[in-house]
Amino acid sequence: MRVLLQAHLDTEKTNEVIRSGRMPQVLQEIVGAFKPEASYFTATGGVRTWFVVFDMQDSSQMPPLTEPLFEQFGAEVDYTPVMNADDLQKGLSQLK
């Protein structure tokens, strides 16, 4: 299932990772685990925010994907199922 993960990164914890010089390595490891279709970084509500669209094969993937975000960045995380245009068309074709 295609999923959108939205992670709001804690400023102080993220600042620590940046100051330590570990940010590129930490992000590479986390992004690698998601194997994302798309990945975007921005600020929302005044905090660093990361949007990741990826294919979740099973809900058991949530702990190993999410824990590094909690541990490294003190993130607040939301998962939302999403569709692309092809998925929407497929779903609409099933309506009567």
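Asp-10, Glu-12, Glu-16, Glu-76 and Asp-78 come together on the surface as a patch of negative charge. Two elements, helix 1 (11–20) and strand 4 (76–81), each give two or more residues to this negative patch. The structure is a predicted model. The protein holds 4 helices and 4 strands, and read from the N terminus its elements follow the order β-α-α-β-β-α-β-α.

**Overall build**

- The C-alpha trace of the protein spans about 55 × 25 × 20 Å along its principal axes.
- The protein has 96 residues, and 27% of them are buried.

**The negative patch**

- Glu-12, one of the residues in the negative patch, lies in helix 1.
- The relative accessible area of Glu-12 is 48%, so this residue is classed as partly exposed, between the 20% and 50% limits.

**How the strands pair**

- Strand 1 (residues 2–9) pairs with strand 3 in the antiparallel sense, and 8 bridges connect them.
- Within this pairing, Leu-9 has Arg-48 in strand 3 as its bridge partner.
- Strand 1 also runs antiparallel to strand 4, with 6 bridges joining the two.
- Here Val-3 stands opposite Pro-81, a residue of strand 4.
- Strand 2 (residues 38–44) and strand 3 (residues 47–55) are antiparallel as well, and 7 bridges join them.

**The hairpin of strands 2 and 3**

- Strand 2 and strand 3 form a hairpin with 2 residues between the strands.
- Gly-45 in this hairpin takes a positive phi near 60°.
- Thr-44 stands opposite Val-47 in strand 3.

**Val-47 and its surroundings**

- Val-47 belongs to strand 3.
- In sequence, Val-47 and His-8 are 39 residues apart.
- In space, the C-alpha atoms of Val-47 and His-8 are 6.4 Å apart.
- Is Val-47 buried or partly exposed? Val-47 has a relative accessible area of 24% and is partly exposed, because buried residues must fall under 20%.

- Lys-35 has a phi near 50°, which is a positive value in a residue other than glycine.
- Where is Lys-35 found? Lys-35 sits in the loop between helix 2 (23–34) and strand 2.
- Lys-35 has a relative accessibility of 66% and therefore counts as exposed, the limit being over 50%.

**The nonpolar patch**

- Which residues make the nonpolar surface patch? The patch is made by Met-83, Leu-88, Leu-92 and Leu-95, and its area is about 410 Å².
- Leu-92 is located in helix 4 (residues 85–93).
- With a relative accessibility of 43%, Leu-92 is partly exposed.

How values were computed:
Residues are numbered from 1 along each chain as its sequence is written. This is a predicted model: local features need pLDDT of at least 70, side-chain atom pairs count only at pLDDT 80 or more; totals for chains, interfaces and linings use all residues. Side-chain values use heavy atoms; hydrogens and water are left out. Patches are made of residues with over 30% relative accessible area and no salt bridge: like charges are joined within 9 Å, nonpolar side chains (Val, Leu, Ile, Met, Phe, Trp, Tyr) within 5 Å. Accessible areas come from the Shrake-Rupley method with a 1.4 Å probe; for residues, only the protein chains shown count as cover. A salt bridge is a side-chain nitrogen of Lys or Arg within 4 Å of a carboxyl oxygen of Asp or Glu. Lys and Arg count as positive and Asp and Glu as negative; His and the chain ends are not counted. The place of a charge is taken as NZ of Lys, CZ of Arg, CG of Asp or CD of Glu. Buried means under 20% relative accessible area, exposed over 50%, partly exposed in between (1.4 Å probe, protein chains only). Two strands pair if DSSP finds at least two bridges between them.
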